[in-house]
Amino acid sequence: MNTNGDKCGLLSRFIVWRERHIKDKQFVLMLSFLVGIFTALAAYILKYLVEYIKAFLTENFDSTGANWLYLVYPVVGIFLTSLFIRKIVRDDISHGVTKILYAISRKQSRIKKHNMWSSIFASAITIGCGGSVGAEAPIVLTGSAIGSNLGSLFRLDHKTLMLLVGCGAAGAVSGIFKAPIAGLVFTLEVLMIDLTMAYLLPLLITSVTAASVSYILTGTEAMFQFHLDYPFELERIPYAIALGIFCGLIAWYFTRSMNWIENIFRRYSNPYVKFLIGGSMLSTLIFLFPPLYGEGYDTISLLLNGTSDAEWDTVMNNSLFYGNSNLLVPYLILIILFKVFASSATNGGGGCGGIFAPSLFLGCIAGFVFSVVCNELHIGNVFIPEKNFALMGMAGLMSGVMHAPLTGVFLIAELTGGYGLFLPLMIVSVMAYLTIIVFEPHSIYSMRLAKKGELLTHHKDKAVLTLMNIDSVVETDFLTVRPDMDLGEMVKTISKSSRNLFPVVDGQGRLLGIVAVDDIRNIMFRQELYHRFFVERFMNTPKSRIIKTDSMEQVMAKFDETGAWNLPVVDEDNKYIGFVSKSKMLNTYRQVLVDLSAE
């Protein structure tokens with residue numbers, strides 16, 4: 001009995017029925033509702049697994065001194081994760097948000113099926129055992145994969161798939177943080193999905209649905225408890241501006257350092273060498289600074305809810321620094337410096353996680369340290385509430401690292417219920433963003449793709465060129481000729497072709513030049529020259545060559561610079577592939593623009 005055939009037949013019949021009875025827009029709204037449910041459930045499962053593993057491993061730890069198992073658990077976690085990824089998944093699942101951006105710009109918004117579950121288990125093992133990363137990027141990749149594969153199941157076009165990928169990301173952020181507005185804004189800012197009415201309603205449905213499911217499963221209280229003891233006053237605005245600049249500089253340090261450390265790991269192809277380097281670095285740092293264990297949300301809660309030095313000093317519990325209250329600020333500064341090493345070592349050594357949680361963690365500590373130092377040194381003789389500035393620092397770091405100021409503002413407000421600090425949250429987020437863009441024009445998620453010209457942006461012209469690729473415009477039906485062919489053979493070749501351009505290649509297929517019919521029209525009918533003139537004599541050097549790896553922006557620039565209507569395409573070894581014509585480019589551009597702009 002052919003069960004798979006029956007399922008495919010049933011699905012095909014449903015698709016035909018759906019196309020007749022349910023309009024596309026209505027069907028997308030239904031799918032966005034389902035995506036919201038599925039992503040919220042995935043987020044709940046991931047959070048439950050992380051908390052369960054962490055509680056199981058650390059519940060008997062001694063808070064009054066160092067715990068040697070901190071040297072063991074993180075190493076075991078990234079080793080098991082590495083084995084899971086290499087032996088079971090057999091695919092790279094790191095840099096989740098970057099993978100989504102790449103799928104949108106280069107893969108027709110199609111994400112592999114295993115991403116619907118692989119990141120959940122990989123990141124749960126990593127973070128539960130102490131990996132110093134966050135669960136949010138993996139769950140965003142999971143949510144986007146759910147949206148992509150649900151759309152692919154019903155054979156929807158790539159533009160609708162792009163929307164469902166965005167819905168999955170919005171639902172993931174909304175579900176894991178209980179922050180529906182932040183989920184929507186994150187998709188618009190970070191994934192750069194266009195804000196049109198056709199896109200806005202499905203994104204809202206997914207975000208609200210995911211948040212509602214999370215409320216049902218975990219309660220309606222905010223993720224972090226925060227009580228506003230000191231309402232914001234205008235005299236603290238200069239300090240908020242200074243905190244924003246401080247957060248922007250830390251975000252710059254974090255971004256540059258993470259790229260530098262990741263490049264070191266890329267030098268090694270052996271996974272066991274990466275594991276040894278990453279594992280030893282991570283376990284040592286967590287042993288010295290236990291707040292680096294896992295996501296660090298316990299530390300955030302402590303700094304946001306603490307009201308006295310005695311409570312804040314408990315940050316140093318479980319460590320060699322226990323009981324040394326005079327070392328709290330230096331201890332936290334060292335954590336700020338070393339967090340990026342712990343996070344990079346986690347992923348570089350074979351673990352799986354994102355930078356959402358590290359951004360929140362660093363921002364909270366940065367804001368707290370900033371306020372304590374200002375109060376201790378009596379800068380300006382204005383009291384700076386530690387809790388408030390710890391909260392504002394979270395928005396600042398997230399804004400700086402992700403280049404997403406609105407996401408920083410709304411996420412922190414929704415995470416903590418700190419709506420009374422909306423104005424200072426905006427000030428810090430904007431200043432952090434303005435500070436980091438001086439040094440880094442792209443976020444940590446998008447910089448790798450931007451360097452390759454594979455990043456989709458809100459700039460319509462660039463977005464269209466990004467969605468295009470060489471394969472979609474190259475034409476290969478040109479007959480090639482050799483440099484040693486005489487004019488008679490050239491004329492025979494011309495008679496067989498419908499083209500007026502002929503690439504000249506050598507025996508290895510390398511492009512040597514071009515023959516245009518117009519250039520030899522005055523001699524091609526003079527038979528007395530057929531055996532006296534050879535191709536190498538009348539071929540011309542092309543005005544420019546398009547390399548197969550060129551971005552479409554580079555291709556368009558070469559057409560503009562040369563004024564040519566046709567340019568040859570070669571690979572990195574100068575082997576001829578085909579031609580690109582400006583007319584084909586413009587026709588394809590126009591079609592992609594129509595598809596992208598239609599609502």
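What is the handedness of the crossing of α15 and α16? The crossing is right-handed, where right-handed means that the near helix is turned clockwise from the far one by less than a right angle, and left-handed that it is turned anticlockwise. I shall return to that pair after some remarks on the model.

This is a predicted model, in which local features need pLDDT of at least 70 and side-chain atom pairs count only at pLDDT 80 or more, while totals for chains, interfaces and linings use all residues. Residues are numbered from 1 along each chain as its sequence is written, and side-chain values use heavy atoms, with hydrogens and water left out.

I begin with the overall picture. The protein chain has 26 helices and five strands; these are DSSP runs numbered from the N terminus, with helices being H or I of at least four residues and strands E of at least two. Along the principal axes, the C-alpha atoms fill a box of roughly 105 × 55 × 50 Å. Of the 599 residues in the chain, 55% are buried, a term that stands for under 20% relative accessible area, with exposed meaning over 50% and partly exposed in between (1.4 Å probe, protein chains only). Among contacts in the chain with a separation of 6 or more, 75% are between residues 24 or more positions apart; contact here means heavy atoms within 4.5 Å.

Now to the helix pairs. Two packed helices are described by the angle between their axes and the distance between the axes. The axes are lines fitted to C-alpha atoms, for helices over the stretch in contact, and the angles run from 0 to 180 degrees between N-to-C directions.

Helix α15 covers residues 356–377 and helix α16 residues 386–402; their axes come within 6 Å and cross at roughly 135°. α15 is therefore oblique to α16, given that angles under 35 degrees count as roughly parallel, over 145 as roughly antiparallel, 65 to 115 as roughly perpendicular and the rest as oblique. The contact residues of α15 include Phe-356, Leu-360, Gly-363, Gly-367 and Phe-370, and those of α16 include Phe-389, Ala-390, Gly-393, Leu-397 and Val-401. By class, this contact has 14 nonpolar, six polar and one charged residues. In that scheme Ala, Val, Leu, Ile, Met, Phe, Trp, Tyr, Cys and Pro are nonpolar, Asp, Glu, Lys and Arg are charged, and the others, Gly among them, are polar.

Helix α15 also packs with helix α10, residues 237–266, the axes coming within 10 Å and crossing at roughly 135°. That makes α10 oblique to α15, and their crossing is right-handed. On the α10 side the contact is made by Tyr-239, Ala-242, Leu-243, Phe-246, Ile-250 and Phe-254, and on the α15 side by Pro-358, Leu-362, Ala-366, Gly-367, Phe-370 and Cys-374. These residues divide into eleven nonpolar, one polar and no charged.

Which residues does Val-401 contact, leaving aside its neighbours within four places in sequence? They are Ala-251, Phe-254, Ile-355, Ser-359, Ser-443 and Ile-444. Val-401 lies in helix α16 and is buried, with a relative accessible area of 1%. Its C-alpha atom is separated by 8.8 Å from that of Ile-250, 151 residues apart along the chain.

A further pair is α2, residues 24–58, and α5, residues 118–128, which pack at an angle of about 30° with their axes 8 Å apart. These two helices are therefore roughly parallel to each other, and their crossing is right-handed. Their contact has twelve nonpolar, two polar and one charged residues.

Next, the backbone. Most residues other than glycine have a negative phi. Arg-155, not a glycine, has a positive phi of about 55°; Arg-155 sits in the loop between α6 (136–153) and α7 (158–177) and counts as exposed at 52% relative accessibility. His-403 also has a positive phi, near 55°. The place of His-403 is in the loop between α16 and α17 (405–416), and His-403 is buried, with a relative accessible area of 12%.

Finally, the cysteines. With a disulfide taken as a pair of cysteine sulfur atoms within 2.5 Å, the count comes to zero. Cys-352 is in no disulfide, and the nearest cysteine sulfur, that of Cys-129, is 13 Å away. Cys-352 counts as buried at 2% relative accessibility, and Cys-167 counts as buried at 0%.
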